[in-house]
Amino acid sequence: MIDWLLLWFVAWIVYWSESLWWVGRDTWILVGDRTGALRLQQGPHASPRGGAGLYVAGMTLRPRWRVQLPDSRDGLPSSGAPKATKARLSEVINATGNLRRWSLGLALWIFAGAPLAIFSFGLARTWLGLVISILAWTTAIVIQFASEWRRMYPDAPRAWHGPAATMLLSPFGAINASDRLVRHAFRSFGLVDIIESVAPDAEVIRTSRMLYFSPEASEHTRSAITDMLARRTLGRVLFTPPPRLSPDALSYCPRCQEQLFRVAGECPDCDWVTLVPFDPVQSR
Ligand SMILES: [Zn+2]
């Protein structure tokens with residue numbers, strides 16, 4: 001009884017630790033599983049203020065994929081090829097479709113089927129069959145992973161060996177196979193193009209503010225964002241104040257939109273971003 005519970009717990013911890021990423025403050029991550037359900041996250045979830053830290057994926061069995069986007073300070077924010085970016089997103093969605101179904105099957109087998117078998121028949125009578133079935137399933141995922149990899153990265157057709165070896169050594173990693181497949185799929189694309197092509201309006205506005213008002217944003221990045229917002233007919237949304245949440249709110253952060261009860265200073269959450277006072281005409 002204790003055996004299988006302990007095994008289950010260890011398995012869950014190993015699986016969860018497989019889904020942690022160490023990321024920098026300026027790393028953008030695209031999280032999703034299909035178009036229309038994509039979210040952009042900047043930087044780690046947990047870090048000492050302003051530094052690199054851990055990006056924590058949600059505790060879910062449903063395999064999702066996450067793409068590490070090009071650093072906003074590297075390269076061109078816009079490559080001027082939104083069509084190519086959209087095509088790449090379709091590639092990512094197609095390449096991960098089957099893989100995610102296989103991974104979900106493996107996850108259900110490891111976390112539900114196997115514990116049930118051990119509970120019913122005992123570990124001594126089931127372990128060999130379980131090990132063989134999990135290895136066979138993992139191998140099937142790795143074979144599919146390799147073929148999708150060669151399709152997605154024709155310039156690095158052998159680079160699948162590393163992630164494949166890791167997955168064979170730890171089948172929990174195979175649950176996140178689609179994650180491993182597409183992590184760098186947008187490496188040579190422009191961040192602003194990606195935001196324009198993949199995000200719904202609300203996400204475009206939120207991420208544009210985060211990038212535009214970052215003290216490190218270059219003029220090139222800022223003008224790429226302004227052009228992109230004009231193409232999405234979102235016009236001057238960057239400079240529109242948020243609806244006032246309280247009559248006592250005196251200023252807001254143009255970057256994260258937090259509202260504060262003081263008229264000047266810097267945003268407590270965004271380094272070096274100066275607060276903008278609310279228009280006095282708007283008050284009370
Ligand atoms: Zn802020």
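This is a predicted model: local features need pLDDT of at least 70, side-chain atom pairs count only at pLDDT 80 or more; totals for chains, interfaces and linings use all residues.
Reader: Which residues in H8 are buried?
Author: Val204, Thr207, Ser208, Met210 and Leu211 are buried in H8. They cover an arc of only 160° around the axis, which puts them on the same side of H8.

Reader: And which exposed residues sit on the face turned away from the buried side of H8?
Author: Asp201 and Ala202. Both are exposed, and the face that carries them is turned away from the buried side of H8.

Reader: What should H8 span at 1.5 Å a residue?
Author: H8 covers residues 201–212, twelve residues, so at 1.5 Å a residue it should span 16 Å. Its end C-alpha atoms are 16 Å apart, which agrees.

Reader: You said S3 is a packing partner. What sheet is S3 in?
Author: An open sheet of three strands, ordered S3-S2-S5, with antiparallel pairing. Strand S3 (39–42) and S5 are the edge strands, and each pairs on one side only. From one strand to the next, the twist averages 25°.

Reader: How many bridges between S2 and S3?
Author: Four bridges, in the antiparallel sense, with S2 running over residues 28–32. Val31 is the residue opposite Arg39 in S3.

Reader: Is Val67 buried or exposed?
Author: Buried. Val67 has 25 other C-beta atoms within 10 Å, and the cut-off for buried is 20 or more.

Reader: What is Val67 in contact with, leaving aside neighbours within four places in sequence?
Author: Ile29, Leu30, Val92, Val182, Arg183, Ala185 and Phe186. There is also a C-alpha separation worth noting. Val67 and Trp28 are 39 residues apart along the chain, and their C-alpha atoms are separated by 8.3 Å.

Reader: Which residues touch the most other members of the largest nonpolar core?
Author: Val67, Ile141, Phe145, Leu181 and Ile195, out of 47 residues in that core. Helix H2 (residues 82–121) supplies the largest share of this core, ten residues. As a general point, nonpolar side chains tend to be buried together in soluble globular proteins.

Reader: Pick Phe145. What is Phe145 in contact with, sequence neighbours within four places left out?
Author: Leu99, Trp160, Ala164, Ala177 and Leu181. Leu181 is also on the list of residues that touch the most other core members.

Reader: Switching to Met152. Which helix?
Author: H3, residues 123–152. Met152 counts as buried, with 20 C-beta neighbours inside 10 Å.

Reader: What does Met152 touch, not counting residues up to four places away?
Author: Glu91, Ala95, Leu181 and Ala185. Glu91 is 61 residues from Met152 in sequence, but 7.6 Å from it in space, C-alpha to C-alpha. Ala185 is also in contact with Val67.

Reader: Step back. How many helices and strands in the protein?
Author: Nine helices and eight strands. Of the 284 residues, 31% are buried.

Reader: What share of the contacts with a separation of 6 or more comes from residues 24 or more positions apart?
Author: They account for 68% of those contacts.

Reader: How many bridges between S6 and S8?
Author: Two, in the antiparallel sense. Ser251 stands opposite Pro277 in S8.

How values were computed. Residues are numbered from 1 along each chain as its sequence is written. A residue is buried if 20 or more other C-beta atoms lie within 10 Å of its own, exposed if 12 or fewer, and partly exposed in between; C-beta atoms are placed from the backbone. Two residues are in contact if their C-beta atoms, placed from the backbone, lie within 7 Å. Two strands pair if DSSP finds at least two bridges between them. Axes are lines fitted to C-alpha atoms, for helices over the stretch in contact, and angles run from 0 to 180 degrees between N-to-C directions. A nonpolar core is a set of buried Ala, Val, Leu, Ile, Met, Phe, Trp, Tyr and Cys residues joined through C-beta atoms within 7 Å. The expected span of a helix is 1.5 Å times one less than its number of residues. The arc is that of the directions from the helix axis to the C-beta atoms.
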